[in-house]
Amino acid sequence: MALAGDTDGVDGLEPVAGAVWRPDTLSRAARLGLNPAQFLDDNDAHSFFAALGDQVVTGPTRTNVNDFRAVLVRKEGDGDRGWRIV
């Protein structure tokens, strides 16, 4: 799982602070007929995550501390108890 966000609550002119990547992101994208590589080539994460409903929309926070990234990984077969922050 991953979260990418901007603490000011917006990305450029978009009202989107970031997006969430879940373990099922690629399978959900495939079911919707989305080609993640094409969105990546087009530098269009906004449309990709909007189609999945995985955008983080906070509205302006009136702060600009930093960009934030968090990634949780788990070893195959560990189920829910194996999550680690990296």
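## Ground rules

Because the model is predicted, local features need pLDDT of at least 70 and side-chain atom pairs count only at pLDDT 80 or more, while totals for chains, interfaces and linings use all residues. Residues are numbered from 1 along each chain as its sequence is written, and side-chain values use heavy atoms, leaving out hydrogens and water.

## Helix H3 and its covered side

Helix H3 spans residues 45–52. Helices (H or I, at least four residues) and strands (E, at least two) are DSSP runs, numbered from the N terminus. The buried residues of H3 are Phe48, Phe49 and Leu52. They sit on the same side of H3, because they cover an arc of only 85 degrees around the axis. That arc is taken from the directions from the helix axis to the C-beta atoms. Buried means under 20% relative accessible area, exposed means over 50%, and partly exposed lies in between (1.4 Å probe, protein chains only). In general, an α-helix has 3.6 residues a turn, so residues three or four places apart point the same way.

What covers these buried residues? The cover includes strand S2 (18–21), helix H1 (25–31), helix H2 (36–41) and strand S3 (55–56). Contact here means heavy atoms within 4.5 Å. Just after H3 comes Gly53, with a positive phi of about 75 degrees.

## A network of salt bridges

The structure holds four salt bridges. Each is a side-chain nitrogen of Lys or Arg within 4 Å of a carboxyl oxygen of Asp or Glu. Arg22, Asp24, Arg28 and Asp54 are linked in a network of such bridges.

Start with Arg22. Its bridge to Asp24 has the closest N and O atoms 3.1 Å apart. Arg22 is partly exposed, at 30% relative accessibility. Asp24 is also partly exposed, at 26%. Arg22 bridges Asp54 as well, with the closest N and O atoms 3.9 Å apart. Arg22 lies in the loop between S2 and H1 and Asp54 in the loop between H3 and S3, so this pair ties together parts 32 residues apart in sequence.

Is Asp54 buried or exposed? Asp54 counts as buried, at 6% relative accessibility. Asp54 also forms a salt bridge with Arg28, where the closest N and O atoms are 2.3 Å apart. This pair links distant parts of the chain, 26 residues apart, with Arg28 in helix H1. Arg28 is buried too, at 12% relative accessibility.

## Aromatic rings

The structure has three aromatic pairs. Rings of Phe, Tyr and Trp (its six-membered ring) pair if their centres lie within 6.5 Å; planes under 30 degrees apart are stacked, over 60 edge-to-face, and the rest tilted. Phe39 and Phe48 have ring centres 5.4 Å apart and planes at 55 degrees, so this pair is tilted. Both residues are buried.

Phe48 also pairs with Phe49. That pair is edge-to-face, at 5.0 Å centre to centre and 85 degrees between the planes. Trp21, Phe39, Phe48 and Phe49 form one aromatic cluster.

## Ala17

Ala17 lies in the loop between strand S1 (2–6) and S2. Ala17 is buried, at 7% relative accessibility. Ala17 and Phe68 are 51 residues apart along the chain, and their C-alpha atoms are separated by 9.9 Å.
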